[in-house]
Amino acid sequence: MNRRRFLAASGAAAISLGWPKQASWAAPGGSRESMRVLFFTDIHARVEWDTPEAMSSAAHQMNEQRADLALCGGDCITDGFQSSRTAVAHRWQAYRKHLRDQLSPRLLTVIGNHDFVGAIPEDGSEPESDPRAAFREELGIPRTFSSSEAAGYHIILLDSVQVTGDALKYRGYVDEAQLAWLRGELAHVRPETPIVLATHVPLLTSFFQATAGHEQAAPRNRVVVNNREVLDCFAKHRLHLVLQGHLHVNEMLRWRGTTFITGGAVCGQWWRGRWHGTDAGFGVLTLRPDRVDWEYKEIGWVPRRP
Ligand SMILES: [Fe+2]
């Protein structure tokens, strides 16, 4: 992006957005070691409207944060779910070339609904027998849920999408096999070890109550419907932070000592600009022993989607 466009974008954001995009809160029970984490989500990679340029800019700005770890909240590409492998191969390529391969920190990625490929193809091609396979192959991972360690934190990545084939096509759900894995995994994690969990579909959100009213139930393809079952697994553990994607807005909730952050979107409103007040951007978190600093960095992209 040229400098004039960038200034126009950041100026517009400064005038119209009054609420802070930074927060810092007491969070006792963190690791002794501090860790700087990027959380970026909902990239929706494609090749139209100069969006590869936006991805490169985002990668560059993320690298400037000198993070120790990057967590991606999913929806790396656009519309894999209803497309064949060949139809979206160029989107994976664009994502890889302009963002993933450009990132300096270690990267862990959760699967989003758009990252399923060939689940319910609309072009008449045969559905893939395993619509997660393209994502696993692309990332070189054996499974779409996993855990690892970073700076004294236990990191858990969940697969929060289940293909249903009904009118909504999928729902947010953590299936029984994954829950069994999660319970087994947590049996080996000490109760005091701080846990950071990443999921594409939110486990907890007030987005639908804020935008549609208090009596509005969240659609089952927008939230994890068995969220309580998932969260109950952590009853005897220190669930420090939950990082969520899918809704493309910034939101922060505190519930029983856990902070839930829904982390905006690299593509903003699917490359159309701001969505419910959240611009295209990514989050940066500094996890300290007794507090967390968070900031949402706008990438300053002026949308070119007609
Ligand atoms: Fe998305």
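Analyst: The buried residues of helix H3 pack against strand S2 (35-40), helix H2 (51-63), strand S3 (69-72) and helix H4 (133-139), where contact means heavy atoms within 4.5 Å, and where helices (H or I, at least four residues) and strands (E, at least two) are DSSP runs numbered from the N terminus. This is a predicted model, in which local features need pLDDT of at least 70 and side-chain atom pairs count only at pLDDT 80 or more, while totals for chains, interfaces and linings use all residues. Residues are numbered from 1 along each chain as its sequence is written, and side-chain values use heavy atoms, with hydrogens and water left out.

The buried residues of H3 are Val88, Arg91, Trp92, Ala94, Tyr95 and His98, buried meaning under 20% relative accessible area, exposed over 50% and partly exposed in between (1.4 Å probe, protein chains only). Seen down the axis of H3, these residues fall within an arc of 160°, so they line one face of the helix; the arc is that of the directions from the helix axis to the C-beta atoms. On the other side of H3, Thr86 and Lys97 are exposed.

Turning to the metal, the iron ion is coordinated by Asp42 (OD), His44 (NE2), Asp75 (OD) and His248 (NE2), at 2.0 to 2.4 Å, donors being N, O and S atoms within 2.8 Å of the metal (3.2 Å for Na, K and Ca), and because water is not among the atoms, sites may look incomplete. Asp42 lies in the loop between S2 and H2 and Asp75 in the loop between S3 and H3, 33 residues apart. Asp42 counts as buried at 0% relative accessibility, and Asp75 counts as buried at 2%.
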